[in-house]
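Morning, everyone. Please look at the screen, and I'll walk you through a few features.

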Amino acid sequence: MRIDEKWIRAHLPVDCADEPLDVFSGYYLDGLTVMAEGERGGPGTVVYQAKNEEELRYWQLESICHFVGKADTSKIWRYYRHHAEDGRWLYIEHRHYDYNAIEDARLPGFERFLRNLKSGFPPGRWEEKVKEYVRLMNIWYTTPHWDYDRDRLCFIEISDSKEHDDHSIIIEEPRPGSVIKIVD
């Protein structure tokens, strides 16, 4: 697929502007329509329909921002899933932590993606993405637990609520005896 590489690199953060942009394998353009190649010679499927060239560039930039840059994995969660026994998780608990929650593998990638978009998206469009990803982080909480610090470009905890299932039953709180090790 043809991309406006110069424009995209100019809209990426400085620390990842030199990274490879080859994330569109299996896609091709049909005018302003992004198509995925069909399976085994079958018909292609529409992935994205742009209104104009600018919209297509922003879609490409957003797609690339999912794959470039390094995620910050330095933050410490209170509970880490160690392994499962008899269908139940056993945990490691940290005495010193940044987040009073159980690890969420999505958070570093979401933060990286939003940081990458910040440098290239117009403010209003970026804010829409922030709200979308805050909603995704809070989907399993009855009361919102996460918000996004727009100055520090990272997620922050705003409540002590716990994750629940689709019936509002708390599912991510270590039960008595499931913490197998406490570390500093």
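Some terms before we start. Helices (H or I, at least four residues) and strands (E, at least two) are DSSP runs, numbered from the N terminus. Two strands pair if DSSP finds at least two bridges between them.

This is a predicted model, so to speak of local features we need pLDDT of at least 70, side-chain atom pairs count only at pLDDT 80 or more, and totals for chains, interfaces and linings use all residues. Residues are numbered from 1 along each chain as its sequence is written, and side-chain values use heavy atoms, leaving out hydrogens and water.

First, a hairpin. Strands E7 and E8 form it, with four residues between them. In the turn, leucine 153 has a positive phi of about 60 degrees. E7 covers residues 146-149 and E8 covers residues 154-157. The two run antiparallel, joined by four bridges. Tryptophan 146 stands opposite glutamate 157 in E8.

Now the aromatics. Rings of Phe, Tyr and Trp (its six-membered ring) pair if their centres lie within 6.5 Å; planes under 30 degrees apart count as stacked, over 60 as edge-to-face, and the rest as tilted. The whole structure has 13 aromatic pairs. Take phenylalanine 24 and tyrosine 27: their ring centres are 6.4 Å apart and their planes are at 75 degrees, so this pair is edge-to-face.

Tyrosine 148 is at 2%, so it counts as buried. Phenylalanine 155 is buried too, at 1%. Phenylalanine 24 is buried at 9%. Tyrosine 27, at 28%, counts as partly exposed.

One aromatic cluster holds Phe24, Tyr27, Tyr48 and Trp59.

Last, charges over rings. A charge sits over a ring if NZ of Lys or CZ of Arg is within 6 Å of the ring centre and within 35 degrees of the ring normal. Lysine 118 has its charged end over the ring of tryptophan 126, 4.5 Å from the centre. Arginine 125 lies over the face of phenylalanine 121, at 5.2 Å from the ring centre.

That's my tour. Thanks.

Conventions. Buried means under 20% relative accessible area, exposed over 50%, partly exposed in between (1.4 Å probe, protein chains only).
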